[in-house]
Amino acid sequence: MATVKDKAPAAKSNGKATPTKTQHPKERYMYWYESMQLQRKFEEKAGQLYGQQKIKGFCHLYIGQEACSSGSYSALTPDDKWITAYRDHGIPLALGSDPKAVMAELYAKQTGSSKGKGGSMHIFDKSVNFVGGHGIVGAQIPMGAGIAFAEKYNKTGNLCICFFGDGAVRQGALHEAFNMAMLWKLPVIFVVENNGYAMGTSVARTSNVTELYTIGESYDMPSEPVDAMEVEAVHEAVSRAAERARAGEGPTFLEFRTYRYRGHSMSDPQKYRSKDEVEQYKQRDPIENVRQYILTNGLATEDDLAAIDQKIKATVDESVKFAEESPYPPVEEAFRDVYVQKDYPFLME
């Protein structure tokens, strides 16, 4: 089993130094704090509601990985496209999706972002250019390349950032997508959120290659590891990748070295890792890092942050109330928003 020491981001790897932290504007730090805290409190509430059986089906929480979404968003533009796997509640919240619509989707209500038909694993929000969470492992990787192809074809100047987990790196679709993306120099940023365990097996037990970013180098793709427990490091790495993409230089592969504090899903007993390991990672919590930076550098006071926390609590509570009071979709909704031949011979009234 991999240990914390084994999986901690290295200062250097194959001669590549990890960039040092740089100064960022106050507004960016305040966005990072509020965005990550919203995701954390929303997910904690979702976990609680799942335990009460108000949320059913699969549910994969983003707790611990918030710097991945918030740090990426601050480095991109609102017109860029996003796609991810099924641990997908955090990203749309970072992009500005209405928490009420996201919570209603978890409740399978008609007012949800996917009309209650997607649930936890298939959040989708066109209004913020979030092209969805996807349940087939690795399927979103060629889709991300395809979205980037459309942006290049239409000469929009936008890019697609495509997230997937460390388990998806084993899929053949990744290698096909990497090859074509480099051949056509597509404006796509591939991001593996390496939380160390896929569903429950450590990277070291599933691959001879444990420095996952080096896979991109096989395609001459610019690739680098990123300490994704530090939101500044995420922002800076995505900024560099975005600059290359917009300049026509093609894709980048980033290995976000992160950690989830909860199980793979709500049904995961987490017997594959120790409580000590989880606690050690919590000592590097990305939200607490930003909080301490804000206070130490006088960007805001304890009262200012407490006010933000209170606002977030009210927002999450409001999202729950909205979801519980919303109706379930009618039966006929099952036949909408799908490709269907209305006179198909096996469809019966």
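By contact I shall mean heavy atoms within 4.5 Å of each other. Helices (H or I, at least four residues) and strands (E, at least two) are DSSP runs, numbered from the N terminus.

The structure before us is a predicted model, in which local features need pLDDT of at least 70 and side-chain atom pairs count only at pLDDT 80 or more, while totals for chains, interfaces and linings use all residues. Residues are numbered from 1 along each chain as its sequence is written, and side-chain values use heavy atoms, with hydrogens and water left out.

Let me begin with confidence. pLDDT is the predictor's confidence in each residue, from 0 to 100. Its mean over the protein chain is 90, and 91% of the residues reach 70 or more. Over residues 1–20, however, pLDDT stays under 50, and the model has 38 contacts beyond four places in sequence for that stretch. Where pLDDT is low, the predicted coordinates should not be read in detail.

I turn to the sheet. Six strands form an open sheet with parallel pairing, in the order S4-S3-S5-S6-S8-S7; two strands pair if DSSP finds at least two bridges between them. Strand S4 (130–133) and strand S7 (223–227) stand at the edges with a single partner strand each, so one side of each is left without a neighbour in the sheet. On average, neighbouring strands of this sheet are turned by 15° against each other, direction ignored. Axes here are lines fitted to C-alpha atoms, for helices over the stretch in contact, and angles run from 0 to 180 degrees between N-to-C directions.

Within the sheet, strand S3 (residues 81–84) runs parallel to strand S5 (residues 160–165), and three bridges join them. Lys81 stands opposite Cys160 in S5. Helix H6 (residues 140–153) packs on the sheet, where it touches S3, S4, S5 and strand S6 (188–194), and its direction makes about 175° with that of S5.

Now to the helix packing around H2 and H3. How are H2 and H3 placed relative to each other? Their axes lie 9 Å apart, at an angle of about 140°. H2 and H3 are therefore oblique to each other; angles under 35 degrees count as roughly parallel, over 145 as roughly antiparallel, 65 to 115 as roughly perpendicular and the rest as oblique. On the H2 side, Tyr31, Trp32, Ser35, Met36, Gln39 and Arg40 meet Glu66, Ala67, Ser69, Ser70, Gly71 and Tyr73 of H3. This contact of H2 with H3 has five nonpolar, five polar and two charged residues. For these classes, Ala, Val, Leu, Ile, Met, Phe, Trp, Tyr, Cys and Pro count as nonpolar, Asp, Glu, Lys and Arg as charged, and the others, Gly among them, as polar.

Helix H3 (residues 66–73) also packs with helix H9 (residues 231–246), at an angle of about 45° and with the axes 8 Å apart. Here Ala67, Cys68, Ser70, Gly71 and Ser72 in H3 meet Val231, Val234, His235 and Val238 in H9. Those residues divide into five nonpolar, four polar and no charged.

Finally, the axes of helix H2 (residues 26–51) and helix H11 (residues 286–296) come within 10 Å and cross at roughly 145°. The residues of that contact divide into ten nonpolar, one polar and two charged.
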